[in-house]
Amino acid sequence: MERTYLMVKPDGVQRGLIGEIVARLERKGLQLIGAKLMQVSTEQAKKHYAEHEGKVFYDKLLTFITSGPVFAMVWQGDEAVAAARQLIGKTNGLEAAPGTIRGDFAIHTNYNLIHGSDSHENAEREIGIFFQDSELVSYEKNI
Ligand code: CMP
């Protein structure tokens with residue numbers, strides 16, 4: 001069993017795509033164990049995007065992710081990181097395959113609707129940036 005951190009970015013919230021995105025993750029068989037609509041602070045954004053510091057798009061990234069509410073989520077399941085990334089699609093909406101979230105709803109690289117952890121280690125690190133342990137629930141998924 002693995003956990004992953006997913007976040008509907010400000011463009012996804014603005015476009016009313018939270019429900020569509022959550023539905024796709026549920027249908028895949030992943031289990032939601034934490035979720036909240038929140039405003040990302042600059043401190044959280046810097047921690048979250050630490051690996052991109054120094055890149056040309058870094059400043060834009062911080063400005064965008066703190067520009068409005070995001071829908072932060074923790075999902076779990078077998079191979080949750082890979083399963084979620086498969087549903088999300090490639091970073092650039094134009095390159096993402098139809099049928100994926102970005103392929104169906106995004107055109108841009110900056111405004112690509114959703115973040116998904118790219119490894120087990122990053123998932124655990126990112127969950128720690130956005131959630132307290134007390135905000136996550138544990139329950140049996142029988143089907
Ligand atoms: P995400 O994978 O969620 O996290 C890093 C983000 O940087 C990525 O989504 C894109 O939204 C954004 N980004 C902007 N420009 C680029 C780029 N040239 N290459 C990769 N990511 C980029």
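Residues are numbered from 1 along each chain as its sequence is written. Because the model is predicted, local features require pLDDT of at least 70 and side-chain atom pairs count only at pLDDT 80 or more, whereas totals for chains, interfaces and linings use all residues.

The protein chain contains seven helices and four strands, where helices (H or I, at least four residues) and strands (E, at least two) are DSSP runs numbered from the N terminus. Read from the N terminus, the order of elements is β-α-α-β-α-α-β-α-α-β-α. The radius of gyration is 14 Å, close to the 15 Å that the globule rule gives for 143 residues, so the protein chain is as compact as a globular protein of that length. This radius is taken over C-alpha atoms, and the globule rule is 2.2 Å times the number of residues to the power 0.38. The C-alpha trace spans about 45 × 35 × 25 Å along its principal axes.

Of the 143 residues, 30% count as buried. A residue is termed buried if 20 or more other C-beta atoms lie within 10 Å of its own, exposed if 12 or fewer, and partly exposed in between, with C-beta atoms placed from the backbone. Two residues are in contact if their C-beta atoms, placed from the backbone, lie within 7 Å. Among contacts between residues at least 6 apart in sequence, 72% join residues at least 24 apart.

Helix α7 comprises residues 120–130, of which A123, E126, I127 and F130 are buried. These residues cover an arc of only 105° around the axis, which puts them on the same side of α7; the arc is that of the directions from the helix axis to the C-beta atoms. An α-helix has 3.6 residues a turn, so residues three or four places apart point the same way. On the other side of α7, E121 and G128 are exposed. The cover over the buried residues of α7 includes β1 (2–8), α3 (42–48), β3 (70–77) and α5 (80–88).

The ligand is surrounded by H52, F57, L61, T91, T109, N110, N112 and H115, a residue being near the ligand if its C-beta atom, placed from the backbone, lies within 6 Å of it. This shell has two nonpolar, six polar and no charged residues. In this classification, Ala, Val, Leu, Ile, Met, Phe, Trp, Tyr, Cys and Pro count as nonpolar, Asp, Glu, Lys and Arg as charged, and the others, Gly among them, as polar.

An unreviewed UniProt entry places the feature "active site" at H115; UniProt positions are given in the numbering used here, feature names are shortened, and annotations may be inferred rather than shown by experiment. H115 lies in strand β4 (residues 114–116) and counts as partly exposed, with 19 C-beta neighbours inside 10 Å. Not counting residues up to four places away in sequence, H115 touches L6, M7 and K9.

S41, in the loop between β2 (31–38) and α3, is exposed, with 11 other C-beta atoms within 10 Å. S41 and T66 are 25 residues apart in sequence and 6.2 Å apart in space, C-alpha to C-alpha. Most residues other than glycine have a negative phi. E79, however, has a positive phi near 55°; E79 is placed in the loop between β3 and α5 and is partly exposed, with 14 other C-beta atoms within 10 Å. L113 likewise has a positive phi, of about 75°. L113 occupies the loop between α6 (101–105) and β4 and counts as buried, with 25 C-beta neighbours inside 10 Å.
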